[in-house]
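Reader: I would like to go through this structure with you, one topic at a time. Could we begin with the overall picture and then turn to details?

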Amino acid sequence: MKKNITINLCGRLFQIDEDAYELLRQYIDSLRQSFGREEGGEEIVGDIEARIAELFDELRQQGTEAITIDHVKNIITRIGKPEQLYGDCDSMEEECASSETKEEGKTQTNAERIMENMRTRVAGKRLYRNPNDKMLAGVLSGFAAYTGTDVTWWRVGYVLLILGSNLFLEPLFRLLFHGGFMFTANIGFVLLYFVLAIAMPTANTPKQVLEMEGKDVTPQNLADVVIDEKQQEPRRSFLGSMFSVLLKIMFAIFVGIAAICGLMLLVCLFLIVVSIVVVFTVPTASRLSLPFDIGYLNLPELYAGHPWVVAAFIVGLVLALFVPVYAIAHMLLSKAGKVQPMGIGQRIAWIVVWLAALCGLVPSFIWVQDKAENLRMAEYRRTHSYQGVTMSNEDRDFLRRGGWTLLKHENCAHYTYSGDYYNGNEDVRYLDAWNENCKEVYQAERKQVVEPGIYRLDCLARAEGPGPCIYVLGDKKYLKEIPAYGDTGGELVDSIQRRLPEVAEDLKKRSKVSLKFFGMEIEINDEQLDFDDEDTSKARVKEGLGWSVVSIENIVVTDGTIAYGVSTDAAFTGHPCRAQWFSATDFTLTRTGDLKLTGSR
């Protein structure tokens with residue numbers, strides 16, 4: 001019967017018999033004596049104790065309830081005795097016998113040998129980031145150590161993968177994703193590196209360095225790692241050195257770009273914070289125009305009804321800018337040796353905070369923008385309406401000053417227009433409607449109180465196609481369809497051309513004259529003409545922009561009220577509208593006669 005003892009080894013409890021405990025204690029004491037005076041000796045002993053604890057754990061997982069002396073002897077044999085530290089270790093190495101393996105009478109193929117060689121290389125290894133041979137985070141150097149290959153080729157391959165992804169992967173991505181994926185692919189290779197940099201542990205301790213290199217955790221190997229200065233710069237080939245210089249230059253450029261981006265984000269963050277403070281503290285009428293002004297979002301009004309959504313938007317916006325600013329600043333300070341680099345836990349925490357900020361920012365911004373747009377539209381309708389119809393200030397003012405009433409206003413892009421007046425004056429506004437599919441239903445009308453009598457209505461009008469009509473409502477309805485010349489030529493050009501000989505001499509003296517057409521007075525100037533100073537008969541009117549004089553005569557008015565205007569409503573005119581647009585202006589009502597009186601005998 002043997003007595004068992006419970007021991008605490010590296011924070012783990014194990015049951016061990018008295019003999020095994022005594023042997024283990026002597027072994028650890030001998031290690032301390034051997035390494036006590038060596039640099040890093042305590043770290044070596046600590047790693048060996050951790051390794052012993054791992055082996056004890058393996059025994060326990062195999063069903064061993066108590067560690068025996070045989071178990072301890074076996075472990076000591078595997079790890080090595082202290083005196084082996086200074087002995088000739090060459091005798092402990094086994095020779096590798098190369099022989100051609102056969103399986104079921106068949107010679108092993110080259111592919112099988114390659115796979116077996118790869119399995120041999122990674123056997124007993126663990127994947128770590130290599131801090132002793134890194135350009136950025138040591139990810140590619142860790143893969144090189146894990147596979148037993150030269151890190152230079154990993155770096156060259158990674159750079160070529162990023163730079164050549166458009167050339168080599170574009171046909172495949174276009175086939176699989178129907179185009180539009182290359183930007184994601186290029187950025188994805190860069191993001192993959194940073195994801196691995198966060199996920200892969202770093203080989204910081206001598207034990208982890210040995211595991212990364214696939215070496216046994218023995219006192220000899222631990223001493224080699226610690227005593228031989230494990231942080232020493234590794235020797236590289238000429239190609240590796242050249243590539244290292246290239247990567248350092250690229251990294252310097254990356255740091256410079258990161259610094260510029262960080263500064264820009266910091267400025268944006270400052271302006272956003274100032275803008276938020278201003279919109280919540282300064283009345284609208286007193287606010288100054290600021291860069292990144294978010295006053296258009298109407299945050300104070302939305303906050304009154306939905307405080308949590310607005311708060312989520314503000315916090316998400318600030319954090320979405322602050323986290324990358326902090327990360328860039330910390331990176332620059334760590335490179336300058338002012339602060340320690342972020343640990344994995346800290347990096348993960350900041351990434352989680354940034355992603356949470358984006359998750360709150362995106363939906364809240366969509367909601368805020370939608371509600372703000374509704375508020376803006378309500379305010380626009382309140383300040384930009386005429387007779388209950390929402391329109392621009394220009395449309396509203398022209399119709400109001402002209403006394404026009406909109407009786408029909410469906411599918412119209414606008415209600416008035418300017419820029420194509422017959423004499424070239426781009427500031428003159430006129431009635432106008434437009435619809436790409438010829439579906440505008442428009443009717444504008446003006447009423448006048450007149451004496452009973454006979455009248456004539458004259459106006460200038462044009463249309464892109466048939467259908468729009470000028471009308472008059474007297475004792476009955478009078479209609480006349482607008483000539484469809486589009487925006488070229490027009491009957492007005494021909495009329496002016498016929499009258500040019502009458503005014504040619506006056507044009508040479510005064511540069512502009514007025515011509516009367518029915519009840520209308522039309523002013524022309526020499527800029528509208530191709531003028532010949534020597535022969536005035538050769539003067540020609542330039543582009544007429546499609547305008548024609550439209551006249552309706554013999555309008556009978558007996559009740560003292562007359563209404564006139566323009567309409568594209570087929571139900572009113574009887575003419576289907578097939579014009580994308582029309583224009584009408586300069587309405588002139590002229591009394592041409594008296595009513596005939598009828599008497600009784």
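This is a predicted model: local features need pLDDT of at least 70, side-chain atom pairs count only at pLDDT 80 or more; totals for chains, interfaces and linings use all residues.

Reader: What share of the 601 residues counts as buried?

Author: Of the 601 residues, 37% count as buried. As for contacts between residues at least 6 apart in sequence, 66% of them join residues at least 24 apart.

Reader: What is the volume of the largest pocket?

Author: The largest pocket has a volume of about 1700 Å³. It is lined by 39 residues, and those closest to its centre are Phe 194, Ile 198, Ala 327, Met 331 and Arg 347.

Reader: Which helices each supply at least two residues of that lining?

Author: They are helix H8 (182–199), helix H11 (238–281), helix H13 (307–335) and helix H14 (344–383).

Reader: And how many residues of the lining are nonpolar, polar or charged?

Author: The lining has 29 nonpolar residues, six polar ones and four charged ones.

Reader: Let us change topic. How many aromatic pairs does the structure hold?

Author: The structure holds 16 aromatic pairs. One of them is formed by Phe 322 and Tyr 326, which are stacked, with 6.1 Å from centre to centre and 25° between the planes.

Reader: Where do Phe 322 and Tyr 326 sit relative to each other in helix H13?

Author: They are four residues apart in helix H13, so about one helical turn separates them. Phe 322 is partly exposed, at a relative accessible area of 35%, and Tyr 326 is also partly exposed, at 26%.

Reader: Why is the pair of Tyr 430 and Trp 547 called edge-to-face?

Author: The pair is edge-to-face because the planes of the two rings stand at 85°, while their centres are 5.4 Å apart. Tyr 430 belongs to strand E9 (residues 429–434), whereas Trp 547 is in the loop between strand E17 (540–541) and strand E18 (548–557), so the pair ties together parts that are 117 residues apart in sequence.

Reader: Are those two buried or exposed?

Author: Tyr 430 is buried, with 0% relative accessibility. Trp 547 is buried as well, with a relative accessible area of 0%.

Reader: Which residues form one aromatic cluster with Tyr 430 and Trp 547?

Author: Tyr 421 and Tyr 422 form one aromatic cluster with Tyr 430 and Trp 547.

Reader: Now the strands, please. How many bridges join strand E12 to strand E13?

Author: Strand E12 (residues 469–473) and strand E13 (residues 477–481) are antiparallel and are joined by five bridges. For example, Ile 470 has Lys 480 in E13 as its bridge partner. A hairpin of three residues connects E12 to E13.

Reader: I also noticed Gln 443. Is it buried or exposed?

Author: Gln 443 is buried, because its relative accessible area is 4% and buried means under 20%. Gln 443 lies in strand E10 (residues 441–449).

Reader: What does Gln 443 touch, not counting residues up to four places away in sequence?

Author: With those set aside, Gln 443 touches Thr 405, Leu 406, Leu 407, Lys 408, Tyr 471, Val 566, Ser 567, Asp 569 and Phe 572.

Reader: One last residue, then. Where is the place of Asp 395?

Author: Asp 395 is found in helix H15 (residues 393–402). Asp 395 counts as buried, at 4% relative accessibility. Apart from its neighbours within four places in sequence, Asp 395 is in contact with His 414, Tyr 415, Thr 416 and Arg 429.

Note on methods
Residues are numbered from 1 along each chain as its sequence is written. Side-chain values use heavy atoms; hydrogens and water are left out. Buried means under 20% relative accessible area, exposed over 50%, partly exposed in between (1.4 Å probe, protein chains only). Contact means heavy atoms within 4.5 Å. On a 1 Å grid over the protein atoms alone, a cavity is a set of points where a 1.4 Å probe fits but cannot get out, and a pocket is an open set with protein on both sides within 12 Å along at least five of seven lines; lining residues have an atom within 4 Å of a point. Grid points are joined across faces, edges and corners, and a volume is the space filled by probe spheres set on the points. Ala, Val, Leu, Ile, Met, Phe, Trp, Tyr, Cys and Pro count as nonpolar, Asp, Glu, Lys and Arg as charged, and the others, Gly among them, as polar. Two strands pair if DSSP finds at least two bridges between them. Rings of Phe, Tyr and Trp (its six-membered ring) pair if their centres lie within 6.5 Å; planes under 30 degrees apart count as stacked, over 60 as edge-to-face and the rest as tilted.
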